[in-house]
Amino acid sequence: MIRLYVTDVRPLQDACLFHQASLLASSVRREKLAHLPKKQQILFLGAELLLHRALYDLGYTDIQLNYTYGRYGKPSLRDYPNVHFSISHSGDYAIVSVSDTEIGCDIEKIRDTDLSAARRYFCPEEYADILRIPDKETEVFFRYWTLKESFTKILGRGLVQTMNSFQIDLTSGDVRIIQEITPETYFFHEPDIIPGYHCAVCTAQAGSMDLYMIDLTDTVKGL
């Protein structure tokens, strides 16, 4: 099972809907929301609603989002040990990937960026590939970024796992990972879901991925 849930969080700009949605969030999340700027509150809450919806779709009705955290901060759900998940958000969108094995995901809004970050944090081969196609550098940068971020998330090692400790190779047309970090084999999905964004999902199992585009207004009213 590999699922990706995607939503536009902008409906949560409505104060009434935001309040209704916050009542569905975990107490830990509500406490964290209080200390965030409004934009981040909306993104974080949208992502938690997606996780809530994913669990509901999997057949869980009395949902309690009690988080536990690994050594480096990777979250898991204490009451649903067989459900693995990953969360990401950028711009106006949030995503949640779920699976019955380890999973990681990342979404990034494609925007003007200082490509020197790729020289500092990526492998030399990746940086060279980013510069290879004129006028496409930014798009290629964010493709690498989301692929690499999804891999670090599946490992769950946080900032301990640096971006240049492994290489993503795109030269063959497929995504290939070169690393000596773990003997496990991982697989990538790159769904083209939102214009102006790039998304990547890293999974511990081969197979197709089901995509769910979620309307938060309907979700809040239905849960």
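**Close-up views of aromatic contacts**

**View 1. Tryptophan 145 and its ring partner in a predicted model.** Tryptophan 145 has a relative accessible area of 23% and is therefore partly exposed, a class that lies between buried (under 20%) and exposed (over 50%), with a 1.4 Å probe and protein chains only. Together with phenylalanine 122, tryptophan 145 forms a tilted aromatic pair with 5.9 Å from centre to centre and 35° between the planes; rings of Phe, Tyr and Trp (its six-membered ring) pair if their centres lie within 6.5 Å, and planes under 30 degrees apart count as stacked, over 60 as edge-to-face and the rest as tilted. The model is predicted, so local features need pLDDT of at least 70 and side-chain atom pairs count only at pLDDT 80 or more, whereas totals for chains, interfaces and linings use all residues. Residues are numbered from 1 along each chain as its sequence is written, and side-chain values use heavy atoms, leaving out hydrogens and water.

**View 2. Phenylalanine 122 and tyrosine 144.** The whole structure holds twelve aromatic pairs; in one of them, the ring centres of phenylalanine 122 and tyrosine 144 are 6.4 Å apart with the planes at 55°, which makes the pair tilted. Phenylalanine 122 is buried at 4% relative accessible area, and tyrosine 144 is buried at 1%.

**View 3. The aromatic cluster.** One cluster is formed by Phe122, Phe141, Phe142, Tyr144 and Trp145.

**View 4. Lysines over rings.** Lysine 38 lies over the face of phenylalanine 18, 3.6 Å from the ring centre, and the charged end of lysine 148 sits over the ring of phenylalanine 166 at 4.1 Å from its centre; the criterion is NZ of Lys or CZ of Arg within 6 Å of the ring centre and within 35 degrees of the ring normal.
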